[in-house]
Amino acid sequence: MEFQEFIEDQVFSPTLVASALRTTKSEIAETLGLGQDAFSRSSRIRATKTQTRLRQMLEILHRVSSHTGSDLAAYAWFRAEQLPGFGGMTPDQLVREGKANAVRAHLDRVMAGGYA
């Protein structure tokens with residue numbers, strides 16, 4: 001997963017992300033806790049909140065894809081894996097709550113051989 005693959009007109013493109021993950025823009029928006037129209041207008045796509053959440057998701061997917069075996073498996077992990085120590089919340093739920101740094105810290109511990 002190369003970040004440049006997802007950039008179009010100097011922003012992360014929801015269309016390119018959805019295509020790579022074999023899903024819809026609506027599902028990506030829902031996963032990131034964004035409104036249904038977040039990806040429908042250029043101004044909403046370029047909004048800080050939208051771009052931040054897309055970037056955070058892509059950063060996390062990039063980190064786990066080597067361990068899960070594929071970008072699709074990483075996306076499934078992002079949406080479904082309940083993380084210990086976070087009350088069973090999934091990475092996407094934590095990102096929606098503005099806790100992407102907590103997910104990255106968790107991954108740092110796990111990848112360093114620590115326990116979750």
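Asp37 and Arg44 form a salt bridge whose closest N and O atoms are 2.9 Å apart; a salt bridge here is a side-chain nitrogen of Lys or Arg within 4 Å of a carboxyl oxygen of Asp or Glu. The structure holds 7 salt bridges. This is a predicted model, in which local features need pLDDT of at least 70 and side-chain atom pairs count only at pLDDT 80 or more, while totals for chains, interfaces and linings use all residues. Residues are numbered from 1 along each chain as its sequence is written, and side-chain values use heavy atoms, with hydrogens and water left out.

**Overall fold**

- The protein has 7 helices and 2 strands, taken as DSSP runs numbered from the N terminus (helices: H or I, at least four residues; strands: E, at least two).
- Along the sequence these elements follow the pattern β-β-α-α-α-α-α-α-α.
- The C-alpha trace spans about 40 × 25 × 20 Å along its principal axes.
- Of the 116 residues, 39% count as buried, where buried means under 20% relative accessible area, exposed over 50%, and partly exposed in between (1.4 Å probe, protein chains only).
- Among contacts (heavy atoms within 4.5 Å) with a separation of 6 or more, 46% come from residues 24 or more positions apart.

**Helix α7**

- Helix α7 covers residues 100–111, and its 12 residues reach 16 Å from first C-alpha to last, close to the 16 Å expected; that expected span is 1.5 Å times one less than the number of residues.
- Which residues of α7 are buried? They are Ala100, Val103, Arg104, His106 and Leu107.
- These residues lie on the same side of α7 because they cover an arc of only 160° around the axis, the arc being that of the directions from the helix axis to the C-beta atoms.
- As background, an α-helix has 3.6 residues a turn, so residues three or four places apart point the same way.
- The cover over the buried residues of α7 includes α4 (48–68), α5 (71–80) and α6 (91–96).
- Just after α7, Gly113 takes a positive phi of about 95°.

- Glu59 pairs with Arg104 in a salt bridge, with the closest N and O atoms 2.9 Å apart.
- Glu59 is in helix α4 and Arg104 in helix α7, so this pair ties together parts that are 45 residues apart in sequence.
- Arg104 is buried, at 18% relative accessible area, and a network of salt bridges links Arg55, Glu59 and Arg104.
- Arg63 and Asp108 also meet in a salt bridge, at 2.1 Å from N to O.
- Arg63 lies in helix α4 and Asp108 in helix α7, so here too the pair ties together parts 45 residues apart in sequence.
- Arg63 is partly exposed at 22% relative accessible area, and Asp108 is partly exposed at 43%.

**The Asp37–Arg44 pair**

- Asp37 counts as partly exposed at 32% relative accessibility, and Arg44 is partly exposed at 26%.

**Two residues to look at**

- Ser13 sits in the loop between β2 (11–12) and α1 (14–20), and counts as buried at 4% relative accessibility.
- Leaving out residues up to four places away in sequence, Ser13 touches Phe6 and Glu8.
- His62, in helix α4, is partly exposed at 34% relative accessibility.
- His62 and Met1 are 61 residues apart in sequence, and their C-alpha atoms are 5.9 Å apart.
- Not counting residues up to four places away in sequence, His62 touches Met1 and Phe3.
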